[in-house]
Amino acid sequence: MKLDSATIERLKQKIAVYREFLKNWLEPSNLAQLRPKLEFQTGVLAGFALIASVLLGVTNCSTEGTIQRRLDEDLKKSLEEVVPAALYDNDMLQDTLNIPSVEYNIGASETTVYIAKKSGQVSAVCFKFTAPDGYSGAINMIMGIDRDGNILGVRVLSHKETPGLGDKIEVAKSNWILNFVGRSLDNLAPAKWAVKKDGGEFDQFAGATITPRKSVQAIYRGLQLFKAHQEQLINP
Amino acid sequence: MFLSETYRKIAADGIWNNNIVFGQNLALCPLLAVTGTATNGLGMGLATLVVIIASNGLISVTRHLIPGEIRIPIFVLLIAALVTLVDILMNAWAHELYKVLGLFIALIVTNCALLGRAEAFASKQPVKHALWDGLMMGLGFTLVLVALGAAREISASGTLFANASLLLGESFRFLEVTVIPDYKGFLLMALPPGGFIMLAFLIVGKRLIDQKLATRKVSVTVLTPVIAEEES
């Protein structure tokens with residue numbers, strides 16, 4: 001359908017009328033008269049709420065995919081830190097298995113295990129876990145374990161421990177967390193999975209014993225979770 | 001002078017006389033929470049700066065529409081929506097920066113200074129003044145955050161602007177300095193009580209400077225002894 005010039009002219013006039021009305025309506029003097037009216041106030045509040053929610057809704061929908069991709073990239077980076085690149089050639093984010101972990105007290109009641117495969121064979125697994133009882137809140141960690149149950153690497157993802165004391169669990173602050181590489185339930189007796197103060201194998205920090213103690217215990221529980229599901233995980 | 005009297009007064013108010021922290025004693029919650037290091041202070045300051053300019057502008061534009069009776073819910077709605085927008089957009093498009101600043105962005109909602117500026121200034125002033133006020137208040141707040149962060153960082157760990165390169169990019173690594181080598185550390189200053197203590201020192205410092213300035217003014221204008229006595 002084509003618009004002839006008369007219709008366009010009519011539309012233009014209509015728009016001009018609306019613009020004139022809006023301009024008059026938005027005059028401060030007119031708004032000053034309207035402001036005390038209850039229906040105006042209700043309308044304004046509803047209008048602001050509507051605009052705000054539409055704006056937020058649209059932004060949320062249009063960025064959801066991008067944010068998810070960014071989070072996946074973050075996760076991938078942490079996975080790469082605890083599983084050496086030579087051990088896998090698959091996309092670990094797509095190769096996952098959910099196992100129940102409620103009795104292991106590692107935060108979630110179900111743990112997503114990312115499976116590293118080399119030429120189709122499982123070489124290592126990796127999962128996030130939590131020490132829920134850190135000195136000042138949960139300590140979130142990620143751990144990579146090879147198919148025989150040896151730790152490939154552990155990293156702390158986030159924590160709220162005391163700066164300067166408990167934060168030595170971060171690899172950026174000290175290499176304490178690297179002491180776990182190569183350990184397994186087989187080459188270290190259960191009693192040794194503790195800080196030295198408790199008769200175990202791992203150092204505590206000067207001024208902070210609870211943070212490393214709870215971290216060691218959570219890593220130990222994570223290994224137990226792996227052992228309980230080892231068959232299922234490495235022979236899918 | 002390239003700035004008119006009004007603009008200069010707004011600037012002086014925002015940065016010094018009526019500074020959000022020193023003058024109004026507002027925004028102490030985000031202030032004490034993030035000023036463990038100068039870098040964190042700077043991050044929080046910049047995030048707040050952006051949001052306060054935007055909220056001042058928005059509220060000034062719509063000031064004739066907003067009836068006095070429902071202004072507070074509308075201000076809160078606008079500020080909360082704005083902060084959430086910045087939060088979502090930064091998470092999507094500036095993800096690396098968001099990982100450093102993310103914590104601070106959500107904290108801006110708890111910053112009553114924004115509501116304070118909306119109520120006391122933006123809702124009564126033309127847009128240009130409101131934007132300028134937002135910029136100056138934001139700058140004043142950033143200065144206090146950086147000063148407090150720096151003072152706490154130096155006394156707590158002997159460093160200054162640690163991890164600044166994470167926030168501002170590699171080219172700002174030169175900011176990271178160790179002020180006191182082989183410092184054993186003073187944990188109290190890194191914890192919240194240290195924030196209160198250091199803030200008290202800064203406020204005392206500001207008052208002393210103000211007092212000095214006031215007495216100097218008195219001596220310059222040669223007032224009668226009676227008034228000078230009142231001043232002191």
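Predicted model: local features only at pLDDT ≥ 70, side-chain atom pairs only at ≥ 80, totals over all residues.
Axes here are lines fitted to C-alpha atoms, for helices over the stretch in contact, and angles run from 0 to 180 degrees between N-to-C directions. I take helices (H or I, at least four residues) and strands (E, at least two) as DSSP runs, numbered from the N terminus.

Residues are numbered from 1 along each chain as its sequence is written, and chains are lettered from A and ligands numbered from 1 in the order in which they are written.

**Helix pair in chain B.** I looked up α3 (residues 38-61) and α7 (residues 127-157) of chain B, and found an angle of about 165 degrees with the axes 8 Å apart. α3(B) and α7(B) are therefore roughly antiparallel (angles over 145 degrees count as such). Their crossing is right-handed (the near helix is turned clockwise from the far one by less than a right angle). I sorted the residues of this contact into 19 nonpolar, 11 polar and two charged (Ala, Val, Leu, Ile, Met, Phe, Trp, Tyr, Cys and Pro are nonpolar, Asp, Glu, Lys and Arg charged, the others, Gly among them, polar).

**Chain B against chain A.** Here I found 23 residues from chain B and 22 residues from chain A (in contact means C-beta atoms, placed from the backbone, within 7 Å). On the chain B side, α4 (71-93) and α9 (187-190) each give two or more residues. α4(B) provides the largest share, 11 residues. By class, I noted 15 nonpolar, seven polar and one charged on that side.

Technical notes:
Parallel < 35°, antiparallel > 145°, perpendicular 65-115°, else oblique. Contact = placed C-beta atoms within 7 Å.
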